[in-house]
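Good morning, colleagues. Please look at the model on the screen while I take you through its charged pairs and one surface patch.

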Amino acid sequence: MRCLQSGEPLGRAVEMVPSSESVATSDCSASGHSCLGGQIGNKKPDTGNIEEAESSLRESGVLNYEEARALLGRYEYQKGNLVAALHVFEGIDIVSVTPKIKDALSKSRERRKRYSQNNDEQQMSVHAVALLLEAVFLKAKSLQVLGRFKEAAQSCKVILDIVESSLPEGLPDNFGAECKLQETLSKAVELLPELWKLADCQREAILSYRRALLHEWNLDAETIAKIQKEFALFLLYSGGEAMPPDLRSQMDGSFVPRNNIEEAILLLMILLRKVTLNRIEWDPSILDHLSFALSVSGDLMILANQLEELLPGTIHRKERFYALALCYYGAGKNVEALDLLRKLLSNREDPRHVPSLLMASKICCENFSVTKDPGVSFARMALENLDGRCNQLENLANFLLGVSLSAYSKLAISDAERVKRQSEALHTLETACKLSRMEDPVVLYHLSLEYAEQRKLDAALHYAKCIVKLEVGSNVKGWLLLSRVLSAQKRFLDAESIINAALDQTGKWDQGDLLRTKAKLQIAQGQLKSAIETYTQLLAVLQVHSKSFGSRNKLFKDKRDQIRNLEVEVWHDLAYVYISLSQWRDAEACLSKSRAIKLYSSTRCHAIGKMYEAKGLYKEALKAFRDALDIDPDHVPSLISTAMVLRHCSDQSNPAVRSFLMDALRHDRFCASAWYNLGLLHKAYGTESAFVEGAECFQAAHSLEESEPVLELCGCGCHPMLIIPNCNDVAQQRRSRRRRMMVNK
C-alpha cells in the first residue's frame, strides 16, 4: 500500500495477509446524489467489505497490482479524497485485465450450469471481478463530482460493455449477489444515462436508456420502472428529436415508435400497466406526463381508455370523471363530455365542483344547437359557489355567463325578453372585463362581438382596437374583427387597409380568412376582378396547406378539416361572383370543384339555384333550393330564395311565401334580405294595414343593412371563431339601392 501511495512500481505481485487492520474499506452509495468530500469523510468505515477482500485472497492466494489499487482507491474515495482516489483509479490498466474479467464472467456462468470447475487453469475470481468493476464505477462517480461528465460516462460505459459482451444472453438470477457485483452493475446501468445528460450528449443518453431497458441486466422492478420513467421524461422535455429505435428483436407486426412522443407514450403506458398489475407502486406523475404526451399527439381517446382501465381507488372517482370529460371534450365528443359532467354534478357526487360547472357552461355555449342548453344555470351556480374566493375563476364564470346569456337571448320569444337578456349579457361581460383589468383578449373579443351584434358599432370598434393593441397584432382574429366592424360602418377602404396591414404581419399559413375578407371587401366596392385575383391567391395558399398537413398524423385533423371547409366556401364565393357576371361555365367549374371536396353542401345547392334563377329557369331553381333545405332545413339563404322564386312564379300573396320568410327571420332576426322581401310581400297585399306593416319591414331592412358587415360576426360560440355566411352575393349590393328607394317612398 505504501508503495502505491509513493508511486513506486511493483515489480511482482505483492503477497498480502488480510486482516482487519490492513485495509479499511466501505461501500459508498452509487445513487444519483452527488457525494461531497466532507460528507463521505464523515462516514465510518464499513468493515463488511474486508470479508470480500479476504475471500478474494483465499481463492487466489495473491492480490495483484490492479486489485490493490482498487482497494486503495475505494478507501480514499470513502474518506472523501476524490482527487487522490481518482489518481489511484487511473493507475488501473483496465484494458489489460478486461480479457480476464470477460473470461471469468463467462466461465462462472458455465460453472453455474455444470456445477463443476477446472482447477488446473488459474483464473480471476468473481470477487476480484466485482472489486475491479466497482473501482471503475467509483472512478466514474469521482469524475462526476469533479464535473468531468463525459469522461465519467465513458468510464461507466466500460462496465456495461464488459458485462454485455461476456454475458450476451443476460445475467442469471442472483448472479454475483454474494460479492455485490449485481449491485454495482445495477448502479452503473442507472447512472450512465444521467452522466450523458450532464455531458449534454442527448443521442448517447437515449442509446444508454434503450440499452438499459432492452438488455437483460437482472434489475429489480422498481429500478426498471425508474429508468422507464426518467427515459420518458427525457424524451418528452429534452427538446431534441431522437432517431427511432431499431428493434430488430421485435416480432413482425409489433408496434415500433416513430418519434419521441410515441416512444414516451409507450413507456408511460407500460408503467400504468405495471401499476394495474400491482408490480410497482402508484405514481400520480405517470398519469400527468401521459396526459401531456397524449394531448400533444392528439390521442385523447387513448388517454380516456387508460383512465377507464385504472383500478377503482387508484384515483378519486370525481377526478376520474372530470379527466374523462376533458378527454371526450378534446376529442370532439361534446355530448358525452357533458353527460359525464352532469353525472359528476349530480347530488350523489359533487354538485358544487366549480371546474366541472365552468366546463359544462363552456360546452353548452359552444354546442348550443346540439345541447339545447345555453349553460346559464351552470355559470350562475359556479358564481354562487365561488363567492368571491378566486378572482380568476370569478372572471371566467362571468365571462361564460355573458356568452351563455347572449346565446340564450336568441331563444327569446318576445323582443322585450330578448333585449333584457342581451342587456344582462353585456353587463356580465363588462364585469368580466373589469375583473381582468382589460387585459384578457378573449373577454374583450366577446364584449366587442356582443356590441357589434347589437349594432352598437362605436363601442364594438373601441374594444376591437383594444384587442389589436393588447395582442400587438399577433392574433388574426383581432384583425378580422376590427375590419368587419369597420365594414359594418361602411368604411370599406379603412377595413381593407386593416386587412393589408394584417397580411404584412402574418405568415402565409394564417392568411386564409384574411384573404377571404379582403375579397369580400373588394366585392362590396365593386372590384370584382380584384376579388377574383384575391380568391386565386387564397386557393394557392390552401393548396400548399393541404399538401403540408396531408401527410401528418391525427394531431392536425382539425386543421385539415378547417382548410377543407374554407376551400369549399372559397369555391362557392367564386361561383357567386361568376354568376353575377353571367359566366356560367366558370361558375359550374367552381361548383364541380366544391363537389369534389364535399359531396353534400346546402350552400352549393343554393348557388346552383341562384344560377338557374339568373338564367330564368325557375322550376330548376326551386328544386335546387329544396335540395339545399333537405340538407339543412335551417339554411336561411335557401329559405329566402325559395320565397322569392315562389312569389315570382305564383300568386303574390301565396301563404307559403310568408311562411318561408318568417322561418328565415326566426333563425336570423338580423337578416336584412328577409325583412326586405317580407316588406315586398306586404306591399303586394294592397291593403292599408299591409302598407303600414310593409313600411315597418322596409325600415327594419334599411336599418339592418346600414350596419351590416360584409361578413357576418358569430355570437353563438364560446370560442373566438368568425363565421362567414353563404348568402353574400353581388346581387345583394344591387338590391340595397332599391331598398333605400322603397323606404323613401
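I begin with Arg148 and Glu151, whose side chains form a salt bridge at 2.7 Å, N to O; the term means a side-chain nitrogen of Lys or Arg within 4 Å of a carboxyl oxygen of Asp or Glu. The model is a predicted one, in which local features need pLDDT of at least 70 and side-chain atom pairs count only at pLDDT 80 or more, while totals for chains, interfaces and linings use all residues. Residues are numbered from 1 along each chain as its sequence is written, and side-chain values use heavy atoms, with hydrogens and water left out.

Arg148 has a relative accessible area of 33% and Glu151 one of 38%, so both count as partly exposed. Here buried means under 20%, exposed over 50%, and partly exposed in between, with a 1.4 Å probe and protein chains only.

A second salt bridge joins Arg491 to Asp494 at 3.1 Å, N to O. Arg491, at 34%, is partly exposed, as is Asp494, at 37%.

Is the pair Glu613 and Lys610 buried or exposed? Both residues are buried, and their side chains meet in a salt bridge at 3.5 Å, N to O. They lie three residues apart, about one turn, in helix α30, residues 602-615; helices are DSSP runs of H or I, at least four residues, numbered from the N terminus.

Lys157, Asp161, Glu164 and Arg211 are linked in a salt-bridge network. In total, the structure holds 27 salt bridges.

Finally, Phe292, in helix α13 (residues 284-297), is partly exposed at 38%.

Terms used
Helices (H or I, at least four residues) and strands (E, at least two) are DSSP runs, numbered from the N terminus.
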